Amino acid sequence: MTTDLVPDELWERIAPLLPKRPARRERHPGRLPVPDRVALAGIIYVLRKGVAWRDVPSEVVGCSGVTAWRRLRDWTEAGVWPRLHEALLTELRAAGSLDMDDAAIDGSHIRALKRGAHVGPSPVDRGRPGSKHHVIVDRLGTPLAVSLTGGNRHAVTQLIPLLDAIPRIRGRRGRPRNRPKRLFADRGYDYDKYRRLLRQRGIKPLIARRGVVHGSGLGRTRWVVERTFAWLHQFKRLRIRYERRADLRQGLLELACSIICLRRLRRSF
């Protein structure tokens with residue numbers, strides 16, 4: 001079961017990024033720790049199935065949900081997930097499977113069942129507590145950066161932070177790439193202030209105008225970001241927010257983005 005949840009190609013990329021464990025004591029060393037690969041299988045099991053941590057079947061996964069949650073906490077605090085995502089983006093660019101000339105951005109509301117950071121009244125869910133996922137993708141729908149805010153935050157507030165969150169992606173000769181040439185967005189991003197900010201960064205804004213009849217043609221390029229949200233929400237844990245800690249939710253989002261990148265990398269082999 002562990003190898004099904006954590007295939008070799010994923011484990012080979014994440015293992016070097018995990019923090020080293022302290023050496024065990026010679027006297028009274030205590031119980032052997034659960035192997036990292038087994039704990040990662042527990043994290044991915046929750047991410048895919050959407051079950052509560054306490055309901056992780058240890059006889060199937062190999063560890064308890066509490067152990068998996070603790071590793072998620074430790075690895076999130078160690079910055080493992082963004083480094084894994086960056087490494088996979090670099091491999092995609094080296095394989096010629098990353099098209100950063102065009103990018104698209106959007107946000108998606110989710111319900112939050114517990115209070116915590118980045119939770120707010122959702123304007124699309126009768127004011128119930130919610131959060132919002134924001135993602136920016138390349139022309140093919142590969143997630144370049146993802147973020148989490150309260151459900152009451154306007155999507156346009158994350159435009160510049162998401163652009164700045166794109167890592168400097170290597171993989172080819174020359175300078176690393178972290179900026180698209182053109183950015184596509186829907187009417188929710190229709191503010192002249194942000195158009196100016198994009199142009200200052202050398203990015204051409206292609207944003208739908210409010211009050212204009214539909215049929216601008218931007219949807220032919222923008223649809224990929226909607227498909228990426230569909231990919232993200234195939235991970236059942238991401239459909240509803242259960243985590244109180246925003247950093248753990250962000251870590252699960254980044255892990256899901258890495259798995260999507262790995263799937264795209266497989267197709268490029």
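Visitor: Leaving aside its neighbours within four places in sequence, which residues is L163 in contact with?

Guide: Contacts show what a residue packs against once the chain has folded back on itself. In this predicted model, L163 is in contact with I136, N178, R179, P180, L183, L198 and I203. L163 also belongs to the largest nonpolar core, which has 76 residues. W81, I136, L163 and L183 are the residues with the most contacts inside that core.

Visitor: Which helix gives the most to this core?

Guide: Helix α10, residues 246–268, gives the most, with 12 residues.

Visitor: Before going on, what is the average pLDDT of the protein chain?

Guide: The average is 90, and 92% of the residues score at least 70. Helix α1, residues 2–5, has the lowest mean pLDDT among the elements, at 76, while helix α6, residues 80–94, has the highest, at 97.

Visitor: Which residues of α6 are buried?

Guide: The general idea comes first: an α-helix has 3.6 residues a turn, so residues three or four places apart point the same way. In α6 the buried residues are V80, W81, L84, H85, L88, L89, L92 and R93. Look for that spacing as you go down the list.

Visitor: Is α3 mostly covered or mostly open?

Guide: α3 is mostly covered, with 12 of its 14 residues buried. The buried ones are D36, R37, V38, A39, L40, A41, G42, I43, I44, Y45, V46 and L47.

Visitor: Which residue other than glycine has a positive phi near 60°?

Guide: H118 has that value. H118 lies in the loop between β1 (102–112) and β2 (120–121). With a relative accessibility of 42%, H118 counts as partly exposed.

Visitor: Now the rings. How many aromatic pairs are there?

Guide: Ring pairs are read from the distance between centres and the angle between planes. The count here is 2 aromatic pairs. W75 and W81 form an edge-to-face pair, 6.2 Å centre to centre with 70° between the planes, and both of these residues are buried. Y191 and Y194 form an edge-to-face pair, at 6.3 Å and 75°.

Visitor: Why does Y194 count as buried?

Guide: Buried means under 20% relative accessible area, and Y194 has a relative accessibility of 13%, so it counts as buried. Y191 is partly exposed, at 30%. R210 lies over the face of Y191, 4.6 Å from the ring centre.

Visitor: How far apart in space are L140 and V225?

Guide: L140 and V225 are 85 residues apart in sequence and 8.8 Å apart in space, C-alpha to C-alpha. L140 sits in the loop between β3 (129–138) and β4 (143–150) and is partly exposed, with a relative accessible area of 32%. Beyond four places in sequence, L140 touches S97, D99, V224, R227, W231 and R264.

Visitor: What separates the C-alpha atoms of G62 and L197?

Guide: These two are 135 residues apart along the chain, and their C-alpha atoms are separated by 50 Å. G62 is in the loop between α4 (58–61) and α5 (65–77).

Visitor: Is D102 buried or exposed?

Guide: D102, in strand β1, counts as buried at 5% relative accessibility. Apart from neighbours within four places in sequence, D102 is in contact with V137, D138, R139, R182 and F184.

Conventions
Residues are numbered from 1 along each chain as its sequence is written. This is a predicted model: local features need pLDDT of at least 70, side-chain atom pairs count only at pLDDT 80 or more; totals for chains, interfaces and linings use all residues. Side-chain values use heavy atoms; hydrogens and water are left out. pLDDT is the predictor's confidence in each residue, from 0 to 100. Helices (H or I, at least four residues) and strands (E, at least two) are DSSP runs, numbered from the N terminus. Rings of Phe, Tyr and Trp (its six-membered ring) pair if their centres lie within 6.5 Å; planes under 30 degrees apart count as stacked, over 60 as edge-to-face and the rest as tilted. Buried means under 20% relative accessible area, exposed over 50%, partly exposed in between (1.4 Å probe, protein chains only). A charge sits over a ring if NZ of Lys or CZ of Arg is within 6 Å of the ring centre and within 35 degrees of the ring normal. A nonpolar core is a set of buried Ala, Val, Leu, Ile, Met, Phe, Trp, Tyr and Cys residues joined through side-chain atoms within 4.5 Å. Contact means heavy atoms within 4.5 Å.
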